[in-house]
Number of protein chains: 2
Amino acid sequence: MSKLSLAETAELSMLLEVSANIKPGNIDRFHDYEDTKFRHFLASAVLARDVFERVPQMTLGEAMYAAVEHTNGHTGGNTHFGAFILLLPLIKGKGIAGACEAVLRTTVEDAVRFYQAFGKTQVRVNREDEMDVNDPASITMLREKQMTMLDVMRYSSETDMVAREWTNGFALTRKAADILKEKDGADQIQEMFLRLMAAYPDTFIAKKFGYARAVSVMERAQLVRAGGLSLSRFDEECILGGVNPGSLADICIAGIFTALLEGWQWDC
Amino acid sequence: MSKLSLAETAELSMLLEVSANIKPGNIDRFHDYEDTKFRHFLASAVLARDVFERVPQMTLGEAMYAAVEHTNGHTGGNTHFGAFILLLPLIKGKGIAGACEAVLRTTVEDAVRFYQAFGKTQVRVNREDEMDVNDPASITMLREKQMTMLDVMRYSSETDMVAREWTNGFALTRKAADILKEKDGADQIQEMFLRLMAAYPDTFIAKKFGYARAVSVMERAQLVRAGGLSLSRFDEECILGGVNPGSLADICIAGIFTALLEGWQWDC
């Protein structure tokens, strides 16, 4: 097989993530939700590819806007917003070290484009948020406060583990990649996902159901790892409760991308 | 969602085909084979995209060689050889009418490139075949007999329903697309596949087990349509017997591509 380009690697990461066998609570190869289907994730990956190819010619704000604009509009709603927040700097920087530099270079205009992208999607936000993406005044505020796209991520980092990756050196992406690299083969994705779930409360769950629920889901994942609950039972439990660790899924994609760049073999 | 490019449409067709719910005997969303996995089909689709983008600048022989070279080498063996035989002229011609013209323009050099591509893969061939792809003398013979790539397809058309598409105006591709267009939504792919299985003996099965077996599989599909056998039971029966209608799967991909170009909506 030919060496994969960065854009090919990013697209493959999205497809490997969504087609992993069991990622409790999330859409995977064996699960659809009623509105969002497995197929919407495939289509989103196909459509994102064109933007991935053009990342070197774009700023991160522009790339984010293009990715959302190009992939949005199928009936499946938001599929990969958080994944783009992570993949775009990782592509631009050709890995974590470069991504850390790339996010430092973002500008106020990138922040504005990011907010405009936000407005095109249906991403879950905290309602009490001062900077409401649906409020045009937020854009004015970004310009007045001279906030860069990195500043926006700093602002969200307390309540959003995806945004937090921009501020902490892509720490969980690093962790995810390291877990994958313990063992070649795509089956390791399921193991990696469960270990992240058992170690970190998912902020997507927290936004939907509150922080306590996110912690209790984490504890259930710990019970699975300790052998006290079967993985498939835990999965059912999450699906029935509408509990989907969507932020960890985004980090999982970024981890697969990073591991692939660093030589991890999915195919063995 | 943005209007899809030809290359995006082709890649999405490959992904929608392999992730359809039940295509009896074939790898689908819920089935792997032991050696070839669902994931190999995803990776092959990701890798083929680059060649799809470059089809306008290549001859069909060159495109075939590039597609096989770029996608081959994962441990899953041949995944999309037949699909490329159909998709590449359909992309070049922007649909069936143009594809029929494109195949008429193929040259002896295209035939040579096609044979070289063939040699890189592990496609099932009839052992008694006079023009053995693994025999370097075949290339000499192509040149001596001045056979174009279309002539090669004519040569194979009796025993290979994919090759036959080049010689009969993409008749089954047309049929597949027409069945899809009866009803929007990706669920129609399963219906289309079963109807093709019930109407045509698959030549991939015929090469593996003999023509009589291909006919008996067709008859079992007819029984499913008549309500005398459940789809899932038929699927199990095929899987247990190692019976995979791979040629019909290739035609299914070409049918999805054609239907999408003609306005069929997968997402509803």
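A crossing of two helices is called right-handed if the near helix is turned clockwise from the far one by less than a right angle, and left-handed if the turn is anticlockwise. This convention applies to two stops on the tour of this predicted model.

**First stop: H3 and H4 of chain B**

Select residues 60-71 of chain B, helix H3, together with residues 81-93, helix H4. H3(B) passes H4(B) in a right-handed crossing. To see the contact, display the side chains of B:Leu60, B:Ala63, B:Met64, B:Ala67, B:Val68 and B:Thr71 on H3(B), and those of B:Phe81, B:Phe84, B:Ile85, B:Leu88, B:Pro89 and B:Lys92 on H4(B).

**Second stop: H11 and H15 of chain B**

Next, select residues 188-199 (H11) and 246-261 (H15) of chain B, whose axes are 10 Å apart at an angle of about 135°. This angle makes H11(B) oblique to H15(B). The crossing of H11(B) past H15(B) is right-handed. On H11(B) the contact involves B:Ile189, B:Met192, B:Phe193, B:Leu196 and B:Met197, while H15(B) supplies B:Leu248, B:Ala249, B:Ile251, B:Cys252 and B:Ile256. The contact has 10 nonpolar residues, no polar and no charged.

Which residues have the most contacts inside the largest nonpolar core? They are A:Phe52, A:Met64, A:Phe114, B:Phe52, B:Met64 and B:Phe114, in a core of 194 residues. B:Met64 also belongs to the contact of H3(B) with H4(B). Centre the view on A:Phe52: beyond its neighbours within four places in sequence, A:Phe52 is in contact with A:Ala7, A:Ala10, A:Glu11, A:Met14, A:Phe84, A:Leu87, A:Leu88 and A:Ile91.

Move to A:Glu62, in helix H3 (residues 60-71) of chain A. Is A:Glu62 buried or partly exposed? Its relative accessibility is 34%, so A:Glu62 counts as partly exposed. Residues up to four places away in sequence aside, A:Glu62 touches A:Gln57, A:Asp110 and A:Arg113. A distance drawn from A:Glu62 to A:Thr9, C-alpha to C-alpha, reads 21 Å, for a separation of 53 residues in sequence.

Finally, select B:Arg39, in helix H2 (residues 38-54) of chain B. With 12% relative accessibility, B:Arg39 counts as buried, because buried means under 20%. Apart from neighbours within four places in sequence, B:Arg39 is in contact with A:Leu16, A:Ser19, A:Ala186, A:Asp187 and A:Trp266.

Methods:
Residues are numbered from 1 along each chain as its sequence is written. Chains are lettered from A and ligands numbered from 1 in the order in which they are written. This is a predicted model: local features need pLDDT of at least 70, side-chain atom pairs count only at pLDDT 80 or more; totals for chains, interfaces and linings use all residues. Side-chain values use heavy atoms; hydrogens and water are left out. Axes are lines fitted to C-alpha atoms, for helices over the stretch in contact, and angles run from 0 to 180 degrees between N-to-C directions. Helices (H or I, at least four residues) and strands (E, at least two) are DSSP runs, numbered from the N terminus. Contact means heavy atoms within 4.5 Å. A nonpolar core is a set of buried Ala, Val, Leu, Ile, Met, Phe, Trp, Tyr and Cys residues joined through side-chain atoms within 4.5 Å. Buried means under 20% relative accessible area, exposed over 50%, partly exposed in between (1.4 Å probe, protein chains only). Angles under 35 degrees count as roughly parallel, over 145 as roughly antiparallel, 65 to 115 as roughly perpendicular and the rest as oblique. Ala, Val, Leu, Ile, Met, Phe, Trp, Tyr, Cys and Pro count as nonpolar, Asp, Glu, Lys and Arg as charged, and the others, Gly among them, as polar.
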